[in-house]
Amino acid sequence: LEQHMLGLVSKPTEGMFARAFSLNLNVASLLSPAFNSLDKRLSDQAKKTVMIELQPLDVYADMGAYVFAKESLQEKGYRICLDSVTHLTLPYVDRRSLGADLLKLFWSSDMLDDPSGTRIKEMQDIVQRAGEGRVILARCDDEQAIAFGQRLGITLFQGRHLDSLLGRQAV
């Protein structure tokens, strides 16, 4: 499926790369002829609009391949995002040590279930260590998610709640 999608994206239409967008891929796909074909067709400016999202499990499965792909892509202008991180896996995914540009944390109301406050403090510390503007809180379906993310120090958000707010502004 990824190879097919890369084939479709490697035939860009006019204006396709005018706005930033993400490709959720695995490390093997980044090293494939299909991705190489896409890379050759993109201008240096277009590459700066593409974020490559990778699952931490895939990254850890072959660190050598990940480091090779990451360094090559970042050198060309692509940004790397560690995707699908949960509050349970967050302590094990260090954005800085993995050299990723961003980390995408999935919102869950379970994040609020912390009677002692130690897990929330730990998440705040991790977000701070990741760096300002380096953590995206995704799957924000309501204001509660945004408020919690702000409490952690997160400034980047993604989700249906924001889409609905932006949709109202566009009308």
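What percentage of the 171 residues in the protein is buried? Buried residues make up 42% of the 171, where buried denotes a relative accessible area under 20%, exposed over 50%, and partly exposed the range in between (1.4 Å probe, protein chains only).

1. Basis of the note. The model is predicted: local features require pLDDT of at least 70 and side-chain atom pairs count only at pLDDT 80 or more, whereas totals for chains, interfaces and linings use all residues. Residues are numbered from 1 along each chain as its sequence is written, and side-chain values use heavy atoms, with hydrogens and water left out.

2. Overall content. The secondary structure comes to 10 helices and six strands; helices (H or I, at least four residues) and strands (E, at least two) are DSSP runs numbered from the N terminus. Among the contacts with a separation of 6 or more, 60% are accounted for by residues 24 or more positions apart, a contact being heavy atoms within 4.5 Å.

3. The sheet. Six strands form an open sheet in the order β1-β2-β3-β4-β5-β6, with parallel pairing; two strands are taken to pair if DSSP finds at least two bridges between them. The edge strands are β1 and β6 (156-157), each of which pairs on one side only. Helix α6 (residues 63-76) packs on this sheet and touches β2 and β3, and its direction makes about 135° with that of β3. Axes here are lines fitted to C-alpha atoms, for helices over the stretch in contact, and angles run from 0 to 180 degrees between N-to-C directions.

4. Strand β2 and its neighbours. Strand β1 (residues 21-24) pairs with β2 in the parallel sense over four bridges, and E53 of β2 is the bridge partner of N24. The pairing of β2 with β3 is likewise parallel, over four bridges; in β3, I80 is the bridge partner of I52 and L82 that of L54.

5. Burial of β2. Five of the five residues of strand β2 (residues 50-54) are buried, so the strand is largely enclosed by the rest of the structure. Both of its faces are covered, with V50, I52 and L54 buried on one side and M51 and E53 buried on the other.

6. L102 in strand β4. L102 belongs to strand β4 (residues 102-106) and is buried, with a relative accessible area of 7%. Not counting residues up to four places away in sequence, L102 touches M51, R79, I80, C81, L82, R95, G133, R134, I136 and L156.

7. Packing of α8 and α9. Helix α8 (residues 118-130) packs with helix α9 (residues 143-152) at an angle of about 70°, the axes being 8 Å apart. That angle makes α8 roughly perpendicular to α9; angles of 65 to 115 degrees count as roughly perpendicular, under 35 as roughly parallel, over 145 as roughly antiparallel and the rest as oblique. I120, M123, Q124 and V127 of α8 make the contact with F148, R151 and L152 of α9. These residues divide into five nonpolar, one polar and one charged, with Ala, Val, Leu, Ile, Met, Phe, Trp, Tyr, Cys and Pro counted as nonpolar, Asp, Glu, Lys and Arg as charged, and the others, Gly among them, as polar.

8. M123 in α8. M123 is found in helix α8 and, at 2% relative accessibility, counts as buried. Apart from residues up to four places away in sequence, M123 touches H87, L90, M111, F148 and L152. Its C-alpha atom and that of G153, 30 residues apart along the chain, are separated by 9.4 Å.

9. Helix α9 has A145, I146, F148, G149 and L152 buried. Seen down the helix axis, the buried residues fall within an arc of 165°, so they line one face of α9; the arc is that of the directions from the helix axis to the C-beta atoms. On the other side of α9, E143 and Q150 are exposed.

10. Backbone points to inspect. Most residues other than glycine have a negative phi, and most peptide bonds are trans. S84, which is not a glycine, has a positive phi near 65°. S84 lies in strand β3 (residues 79-85) and, at 22% relative accessibility, counts as partly exposed. R139 also has a positive phi, of about 65°, although it is not a glycine; R139 lies in the loop between β5 (135-138) and α9.
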